Amino acid sequence: MPMMDEHLSRKHRGAIRRGPGRLNLNPEDLAAIWQRQETEGKGLIGGDPARRPFWRHPKPPEPAPWYRHGLASPEHRQRLHRFLTTAPLEIEIGAGDGRFILAWAQRHPQRHFFAFEVRWKYTHRIYERSQRLGLHNLWVSDNDARVVIPEVVPEESVAVFHILMPDPWWKPKHQAKRLIAPWFVDVLARKLQPGGILRVETDVEGYPEFVRQVVEAHPAFAAHDPALGERFAAAPLSTRQIWCREHGVPVYRLFFRKRGDQERA
Ligand SMILES: C[S@@+](CC[C@H](N)C(=O)[O-])C[C@H]1O[C@@H](n2cnc3c(N)ncnc32)[C@H](O)[C@@H]1O
């Protein structure tokens, strides 16, 4: 049973919009963007994690299960490492208000979850709700996942990456913020355990083809396999997915398995 009422509040209804519907997939533009992302860190959201203004983003109170890169003490980093390595691990990137991850973590008490959401207000909300629910299996981070995952997540430790309804970043000047890029897919491949799953869901026309192109070009990933989705067929919906359902907008679901052991995820 989903933990929360699946109907959207009026506030959310108004907040979710569809974009202009023209996704720039020009290979030359993308190649230039990806190179700058990889070599210059271009497009990272939130800037230097250690320099986020405290008056807007109060420092996470240790030992709370909230990680901010560059500020965490060595003990806290150690705490996170222990959490990441002592149970099957699932990571959500771009958790929004946490509707999916909170319900999913509640449903799977034997697994550990790590949720990334750069918007501090949302991260705070996820943290508070998880405390209220008494969840012991969820950590959050308000950093750009692209900063933290390469540094703190051990290699071959992740059973599932969830990327639900990633921002398409329509405008040319924002495209460097796009999550799906060859260098980051390579990071995901290294962090997934053999047989682990990358799950990407989107309502943006053209995005599924783009994701398939990038992920399937990586030798570690097998081609999208819809059968892998069975495991998530009854998964709780995210806020945007509920909005799509209420507005009759189709959601495309993609599942990629990392080659290797078929059973472990
Ligand atoms: C379109 S919203 C979808 C939110 C939620 N998954 C849903 O389906 O309702 C995408 C979210 O990803 C977050 N985000 C985008 N890039 C991110 C990154 N690199 N690291 C962490 N969060 C990110 C944004 O702040 C935003 O809240």
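A residue is classed as buried under 20% relative accessible area, as exposed over 50%, and as partly exposed in between, with a 1.4 Å probe and protein chains only. The structure is a predicted model, in which local features need pLDDT of at least 70 and side-chain atom pairs count only at pLDDT 80 or more, while totals for chains, interfaces and linings use all residues. Residues are numbered from 1 along each chain as its sequence is written, and side-chain values use heavy atoms, with hydrogens and water left out.

A search of the whole structure gives 14 salt bridges, each defined as a side-chain nitrogen of Lys or Arg within 4 Å of a carboxyl oxygen of Asp or Glu. One of them joins arginine 119 to glutamate 117, at 3.7 Å from N to O. Glutamate 117 is buried because its relative accessible area is 5%. In another, the closest N and O atoms of glutamate 201 and arginine 253 are 2.5 Å apart. This pair links strand 6 (residues 192–202), which holds glutamate 201, to strand 7 (residues 252–257), which holds arginine 253, across 52 residues; strands (E, at least two residues) and helices (H or I, at least four) are DSSP runs numbered from the N terminus. Glutamate 201 is buried at 1% relative accessible area, whereas arginine 253, at 41%, is partly exposed.

Glutamate 90 and arginine 231 also meet in a salt bridge, at 3.2 Å from N to O. Glutamate 90 lies in strand 2 (residues 89–93) and arginine 231 in the loop between helix 8 (207–216) and helix 9 (239–246), 141 residues apart. Relative accessibility is 0% for glutamate 90, which counts as buried, and 33% for arginine 231, which counts as partly exposed.

The loop between helix 8 and helix 9 also contains phenylalanine 232, which pairs with tryptophan 104 of helix 4 (residues 99–107), so parts 128 residues apart in sequence are tied together. Aromatic pairs are rings of Phe, Tyr and Trp (its six-membered ring) with centres within 6.5 Å; planes under 30 degrees apart count as stacked, over 60 as edge-to-face and the rest as tilted. The pair of tryptophan 104 and phenylalanine 232 is tilted, at 6.1 Å centre to centre and 45 degrees between the planes. Both tryptophan 104 and phenylalanine 232 are buried. Phe100, Trp104, Phe232 and Phe255 form one aromatic cluster. The charged end of arginine 199 sits over the ring of phenylalanine 100, 5.2 Å from its centre; this assignment requires NZ of Lys or CZ of Arg within 6 Å of the ring centre and within 35 degrees of the ring normal.
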